[in-house]
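Subject: Handing over the structure

Hello,

Here is the structure I promised to pass on to you. Please open it next to this message, and then read on for what I found in it.

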Amino acid sequence: MSKIQTFSSFVKRLIIIIVGLLITLTLLFSLLAYFVPSVKELQDILLSSFGNPSLMLNYLDQKGLGLNSLFFKVVVFPGFTWAALIAAEIIWFERKFLAKMQMRVGPLYAGKIAGLLQPIADVIKLVFKEIIAPSSSDKWFFLSIPIIITSIAAALLAVLPVSEGWIIMRSDVSVLIIFALVGFVPIAVLLGGWASNSKYPFIGALRGLHQMIAFEIPMLISTLGVVLLTGTLDLVNIVYAQSNIWFILLMPIGAFVFFTCMIIELERIPFDLPEAESEIASGYLTEYTSMAFGNLQLGVYIRFYAMAGVFTTMFLGGWYGPQILPNGFEIANQVIWFTIKTLLVMILAIVLRGVNPRVRIDLLLRMGWSSLLILSFVNLFLVILILQTELSQIFGV
Amino acid sequence: MVFIIKLLSSIISGMNQVFKRRMTFRYPDQRLFIEGDGYKYDPKTGIGINGYRGRHILYLEKCTGCSLCVMMCQGISQAIEMKNLPNKQITVNKKSMFPQIDYSKCVYCGFCVDACPFEALFETNEYELVSYDRESLLFTPEQLAIPPKKRPEPTVNLKYGDSDVYHG
Amino acid sequence: MVETSNTESTLIEREQKLAADLKSRFGDVLEITIKSKRIKIKVKSERLLDIANYINNELGFDHSTSVSGVDYPNSKEFEVVYHLSTYGREDFRDIVIAFSTRISRDEPKTLSLINIWPSVEYSERETFEMFGIIFEGHPKLEKLLLPEDWNDIPPLRKDFKPPGR
Amino acid sequence: MSKLSLSVGPQHPGSGHMRIILTLSGDYIIEAIPDPGYVHRGEEKLAEYRNYIQNIPHLERPVVLDATGAIFPYVLAVEDLMNIIVPERAQFIRVIMAELNRIISHLYYMAIYGIFMGHSTMFMWPVGDREVFIDLANTIAGQRVTYAFLVPGGVRNDMPEKVKEQADKACNYFEKRLIEYEHIFMNNPLFEKRTKGVGILPKQDAIRLGVVGPTLRASGIKSDVRKDDTYSIYNQLDFEIPVSNACDSWSRAWIHMEEMRQSMSIIKQCLKRIPTGPVKLNLKQIKVPPGESYSRVEAARGSLSYYLISDGGKVPYRVRIMTPSFRNLITIPYIMKGVMLADMPPTYWGIDYWPVEADR
């Protein structure tokens, strides 16, 4: 086989592989169809419903894979694909937005309009790179970290109420579930830093641990404010409680504390000490290459979307919003409002990234343990004040 | 409280920049316009004439082959050597020796132009000298004699808006 | 003997006063030439330290800008030149004293003035590795810029020919 | 507390081509030993084998960001030895180019300071605005960064007419930008928290160690070679020297910002008062009589001085270059003591240390 010299020969090789795969699979599949009955039945459905897709849909319904089945919710709509798509486009938007703020152009050539397909181009590039686990590192732990971090991020989506109907798992302790999952991430970061067994990732991992442990407490107390106000731990009920007033108006301090802690949890620029390039050469991510690194980035950005979603459900009134679409589409209207608010929260975090330098670890911890903690207690006091006096009737909570 | 005010002021100044025009221009489609036609030197008054110092241009009929430019460049980057062009018969240049410039070494300081007493060697504002191998960067006297072709059309230069700068 | 350069003789009465003051104190060992804003003092090497102390404390030249070695192979000598300037004294800020001593070329040894002017630490180390002049009393006289495995003679000496010359 | 020896190597994102050997206890630096020399080229030896004109391109190379500042003292030293007076217009053009170069170098300083703090916008803005002044220098000197524009006897070519209004536009634009820099960077609360009171160099240490440039003026000593040891036409121009007694990294950055404002006002003054006339003496042949001369100039990073000895021949006998970064190198062990590892890059870059210039 000739060596790949130019880009065109690479694309040619790619197409040959894909076409080859398709042909072999269809051959194999049609062979299979003659022996396995259910597959044969599926093949008839395929041939007969070639005309109208509705036949296919209700076949899937029978099989439990239909539009409102759990499989569809987990895999497609409010679940992983939807979050991965948003995460990919947020990466594109962040690079384009920061570029515009910095007088430059940002991604341009991938995808005809303004580099829209840049994230997909990155994924393709990463997929073809070689995964290198350093020889001195503990190989299996090292390679399991990206999977762990991405799965934690995806698990967070389970309890996120995108709209009234569209929620994967409605449980009455969903706030606890979220904080249980968020608690896993520092352990995975430490494992990652420790497994790559080299000086800089280890310092990065220790810093990550310090940072994340220090900021769960103010975050918990600010959510305590919300839970006290609504009396439930179920995110959907919290959203119902905000039908006539959003909690951000009731407790701005709690929202500010939660937003800051969220950015610290996600290690965004003002607080991205674990991967501070100029000091410790991108901390615990240093040793990861190709799809391991790609997976980690995907996990980071899905967690970013999930935490922004939690912030909107708790403080910005989830899916409530004026009716834009004609009244036949309430559910779609709710989904649109939820997504707009989440994207706004993410854009604010991106603006903060463009505007601030990095904070030093002791300033971060001092700020966390002293100012944020006190602010969250003040917020708690205000919430109790609202509850006990007749203010709660006024706000209709 | 001062912390919040200062943070807001830096956010506002960051957001202002989002609505201004970009500084970068897309090089292969747009090219930077440089006016004038390069740096020249007038040996009589000993003063150079302002211009961009890019690729050299050699007027073969004026060059006497005195290799003063070679001696000057010897101490800087040894980029110029003399080359014999047998088919070129110039009255002033009996041995028909002409300078050839190796642009993988040249630092574009323009002292060879200052050293030439016969106004045979000037510089043009041609700056696009890229090649895949070093040999093609060695410009023979004939190549140096060809004046650079006009720059393809979409040329941009620095323009000043009221509070932003862009290449338009 | 004080020679003054011919052109701006009117401008330099400050320098002349300084030179006269130095002459009166260390008359015999000094040889001073003056230019506007520049004084060159050649010193015989044995009274080096107390002249340097005098310049630093009384005249107020509190830091050294550079230490340079100069190689004179035909007269078999090295010259070590300390350039001194001042921040403390506003009126002398534009004067630079070049304080130089001559040492023999075969065994180049001189006293390090690091205790008087700490700012000469790296300059002296550089002059040591470039010329081979040993500064006695320098706490850490090692190579500064040259690579560790430099086994040739000190490069800035005149008899070191760079490759290709 | 166990000691960890960490070498911030020649190829580390937090330092240039120079190594600093740090001994840490926990996160605090106890001792920092600089180890320069990775990009030493032996400029002083090269200068002894080239004549006075051929020396100009390569003597500019180490101080690549401030090429006019690098070659200005060399040209002054040669003219001092040859006892020639440069025409008035050439002096003005030299000062304009020197001040332009100061702004270009300070902008690069602010950019790298920003990226060392993790502030990517503060990297892009100065680098973008630097293009404005590089374009201005390009119209004057014909080259973007390394100009080889100053020669013994004057300046190589005259300044075209359109530079006047282009410079006015550039300066008006840039004054507005400096205010934006202050909002997003200098007065950014997180930046202040990280740099105020970090990397302290007290006043007596600054004098004792012979520090130069903005680092000296940030430690409370109002000394600038343009005012103290005036050369060229700086005595005819009026400008102040920013000083701050805070002695910390923040004030070093603040001094760079103020100096950019002063440089712009100098450029405006020069453009208003520039006379007409020749820009270069017609020296057929550079003949330097034997003798020695020491000249210094306030380059962008501090006082840069040349000690030139000539024995009357075509090539200089000895050229001693003393660059500001080499003079500031001695402060690294002092200001890094007690600083945290995370603050090592800003303090290292605060003294505007350029490894190529220090190694020569």
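Below I go through the model chain by chain and contact by contact.

Before anything else, please keep in mind that this is a predicted model. For chain A, the pLDDT averages 82, and 91% of the residues score at least 70. Within chain A, helix 12 (residues 252-265) has the highest mean pLDDT of its elements, 90, while helix 13 (residues 277-280) has the lowest, 52. Where pLDDT is low, the predicted coordinates should not be read in detail.

**Chain A**

Chain A has 17 helices and zero strands. Its C-alpha atoms fill a box of roughly 75 × 55 × 40 Å along the principal axes. Of its 397 residues, 39% count as buried. If you take the contacts in chain A between residues at least 6 apart in sequence, 74% of them join residues at least 24 apart.

**The largest nonpolar core**

Which residues touch the most other members of the largest nonpolar core? They are A:A87, A:I302, A:Y305, A:A306, A:F311, B:C112 and C:I97, out of 270 residues in that core. The largest share of the core, 17 residues, comes from helix 4 (residues 88-116) of chain D.

**Where the chains meet**

Chain A and chain B touch through eight residues of chain A and nine residues of chain B. On the chain A side, helix 5 (80-101) and helix 15 (330-355) each supply at least two residues. Helix 15 of chain A gives the most, with three residues. By type, the chain A side divides into five nonpolar residues, one polar and two charged.

**A three-stranded sheet in chain D**

Chain D holds an open sheet of three strands in the order 6-7-8, with antiparallel pairing. Why is one side of strand 6 (291-299) and of strand 8 (318-322) left without a neighbour in the sheet? These two strands of chain D stand at the edges and each has a single partner strand, so one side of each has no neighbour there. On average, neighbouring strands of the sheet are turned by 10° against each other, direction ignored.

Strand 6 of chain D pairs with strand 7 (residues 302-310) of chain D in the antiparallel sense over nine bridges. To find your place in this pair, look for D:E298, which stands opposite D:S303 in strand 7 of chain D. Helix 3 (residues 67-82) of chain D packs on the sheet and touches strand 6 and strand 7; the direction of helix 3 makes about 150° with that of strand 6.

**Strands in chain C**

In chain C, strand 2 (residues 30-35) and strand 3 (residues 38-43) pair in the antiparallel sense over six bridges. C:I32 has C:I41, in strand 3 of chain C, as its bridge partner. The hairpin of these two strands has two residues between the strands, and in it C:K37 takes a positive phi near 70°. Strand 3 of chain C also pairs with strand 6 (residues 96-104) of chain C, in the parallel sense and over six bridges. In that pairing, C:K40 stands opposite C:A98 in strand 6 of chain C.

**One residue to look at in chain B**

Finally, where does B:N157 lie? B:N157 is in the loop between strand 9 (155-156) and strand 10 (158-160) of chain B. With 14 other C-beta atoms within 10 Å, B:N157 is partly exposed. Leaving aside its neighbours within four places in sequence, B:N157 is in contact with B:L32, B:F33 and B:H167. B:Q143 is 14 residues from B:N157 in sequence, and the two are 28 Å apart in space, C-alpha to C-alpha.

Enjoy looking around, and do write back with any questions.

Best wishes

Terms used. Residues numbered from 1 in each chain as written. Chains lettered and ligands numbered in written order. Predicted model: local features only at pLDDT ≥ 70, side-chain atom pairs only at ≥ 80, totals over all residues. Helix = DSSP H or I, 4+ residues; strand = E, 2+ residues; numbered from the N terminus. Buried ≥ 20, exposed ≤ 12 C-beta atoms within 10 Å, placed from the backbone. Contact = placed C-beta atoms within 7 Å. Core = buried A, V, L, I, M, F, W, Y, C linked by C-beta atoms within 7 Å. Pairing = 2+ DSSP bridges. Axes fitted to C-alpha atoms, helices over the stretch in contact; angles between N-to-C directions. Nonpolar A, V, L, I, M, F, W, Y, C, P; charged D, E, K, R; others polar. pLDDT = per-residue confidence, 0-100.
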